[in-house]
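Open the structure in a viewer with side chains displayed. This tour goes through salt bridges, one selection at a time.

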Amino acid sequence: MPFHAPVEDFRFLLEKVIGFSEVTATPRHAEVTPDVTDAILTEAGRMCDGILAPLNRAGDLHPARLENGVVRTSPGYAEGYRAIAEGGWVGMAAGEAHGGMGLPMALVTCVNEMMGGACLALQLNPLMTQAEIEALEAHASPELQALYLPKLISGEWCGTMNLTEPQAGSDVGALRTRAEPDGEGTYRITGQKIYITWADNDFSDNVAHMVLARLPDGAAGTKGISLFLVPKYIPDAEGKPGEVNSLRVVSLEHKLGIHGSPTAVMEYDGAKGWLVGEPHGGMAAMFTMMNTARLGVGSQAVGVAEAATQAALAYAQERRQGRAGGTGAIVEHADVRAMLARMRAETFAARAITLACAKAIDLGRGGDAGAKARAALLTPIAKTFGTETGINVADLGIQVHGGMGFIEETGAAQFLRDARITAIYEGTNGIQAMDLVGRKMMDGGEAAQALIDEIEAGAEAARAEIPDLAEPVWQAAETMREATEWLVAQPMAERFAGAMPYLRAFARLLGAHYHLRAAQAGDGKRRRLAAFYIRRMLPEQAAHIAALRAGPEPVMALDAGDLAP
Ligand SMILES: Cc1cc2nc3c(=O)[nH]c(=O)nc-3n(C[C@H](O)[C@H](O)[C@H](O)COP(=O)(O)OP(=O)(O)OC[C@H]3O[C@@H](n4cnc5c(N)ncnc54)[C@H](O)[C@@H]3O)c2cc1C
């Protein structure tokens, strides 16, 4: 089943739903005219459809391998990567000073989603490099920037993120990797990292690892962590890859999905590293990478949802079974139709949320404090809801296929296997939800209420035209307002049992808000999809709010003994 990048949906969302023109009206992005936007979406879409999507199955069937310490990538991946690099898509968000395109995050997010939908395992590679570029732009010395940024932006060199160790997963502060000053202004890095995405490859000239480690005087926990740039090959005086550094890929993991993406155990044995940012300021620097990567992970999963929806719809229009009426294909059965509608409506909602988050990032970078707060609020929602959508939609895609969904040849199973990791890496979804109800509510719920105000105003404005859709959205906004007031009144430790229900309830409301806008701005098809979402899916918000308001007691009253058989 060929993949078609949803270029038209991006155009509609940017122009009619999320208000991308506010971004292009700022001096930073004044050159992003509608023609430029169009050209970017069209070009990226063409590459995704024609070059990346055909590689998806090959990566699944022929995983990356480790041969004599060297990673061999899946068939065609080198050519696919070259197309990404030559198109400028690795450095599309990077500043022009070092060769980037300087595109706004809203457009970057569209392209990342398309690439993720076409071939998630390969797209992870540029996603890691993009995050590294951003961290170097924000925190590295001018010398490091001058040496590394042009190579990373052009795609000649790739980047990685090294946080995780066996005893330090969600609890990054427990890491043990050490960094010793070597008297030459650089450091010697020693330790083991696990689960490192694209730790090596056979198509780039160098790999620049971003590694979290502790200096000798670093305090315990996250406060004592510093960030280091540790290249596979140490650049020589001309900046060319030179001496081999003391690091190696120990092994690659065997995984449920994303087989084409090598996930490595890495050994650093006194490897030469350069400090990025301040000593002990590693978490601040790493957060720059992680926020971009979180939105990126949300949108790559939306890409998988898109691909799964396209495949399921095509199958449902072909397969004949039972007395379906109409065309005679299973798409005519109400249950199948409902599954497909849910897949399409949810994909749209999740896509709108990731783009709204990206737009807030763009406006925040231009100095708008309210937008900055909104971006912070929306990032955990975009990551969590985007990834849950990827997984749930891919799961429904299997169901639509019936038995053929369970058979690997259709590719429906691969979508689910590939999407499953997105809820785990870049901070598990549970940790994201805790971030939302904890750190992101430190303002007493101000950013959340400002967004709810906007949703209510939007619903009020739509009331005269489409009251049957506007009214439930207005009601849901009120419910969310009250739930937010209730949440911020709870002690911090008591919020966490309701963190995920709160996040899901908020995502349901946001999805309804963007569907309502689409119904107002779009044709009959947009309106019918919005009606499906608002009448069939928005009511789920009430169940999430009830779970939230039940508080921690029903959860924590059950101890591990109660859960045993
Ligand atoms: C394929 C793959 C690629 C990856 N790529 C990278 C990479 O490139 N770089 C990198 O550094 N890491 C990477 N990771 C690691 C990934 O980020 C971690 O697996 C993830 O952060 C979770 O850590 P963990 O596996 O140790 O799980 P744990 O931290 O042990 O978590 C297990 C469960 O407990 C929950 N939990 C843990 N702590 C808390 C808490 N305080 N409150 C509530 N619940 C909690 C979690 O939500 C989860 O459900 C990758 C992992 C995989 C599988």
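Predicted model: local features only at pLDDT ≥ 70, side-chain atom pairs only at ≥ 80, totals over all residues.

Start with the total: 37 salt bridges are counted here.

Select arginine 57 and aspartate 60. Their side chains form a salt bridge, with N and O 3.3 Å apart. Both residues sit in helix α4 (residues 56-61), three positions apart, which means about one helical turn separates them. Arginine 57 is partly exposed at 25% relative accessibility, whereas aspartate 60 is buried at 7%.

Next, select glutamate 134 and arginine 365. The closest N and O atoms of this salt bridge are 2.8 Å apart. Glutamate 134 belongs to helix α6 (residues 105-139) and arginine 365 to helix α9 (residues 334-365), so the contact ties together parts 231 residues apart in sequence. Color the two by accessibility: which side is buried, and which is partly exposed? Glutamate 134 has a relative accessible area of 18% and is buried, because the cut-off for buried is under 20%. Arginine 365, at 36%, counts as partly exposed.

Move to arginine 178 and glutamate 180. This salt bridge has its closest N and O atoms 3.7 Å apart. Arginine 178 is partly exposed, with a relative accessible area of 42%. Glutamate 180 is partly exposed as well, at 35%.

Which residues are linked in a network of salt bridges? The network consists of Asp9, Glu113, Glu306, Arg344, Arg351 and Arg526. Display their side chains together to follow the links.

Methods
Residues numbered from 1 in each chain as written. Heavy atoms only, no water. Salt bridge = Lys/Arg side-chain N within 4 Å of Asp/Glu carboxyl O. Helix = DSSP H or I, 4+ residues; strand = E, 2+ residues; numbered from the N terminus. Buried < 20%, exposed > 50% of the residue type's maximum accessible area, 1.4 Å probe, protein only.
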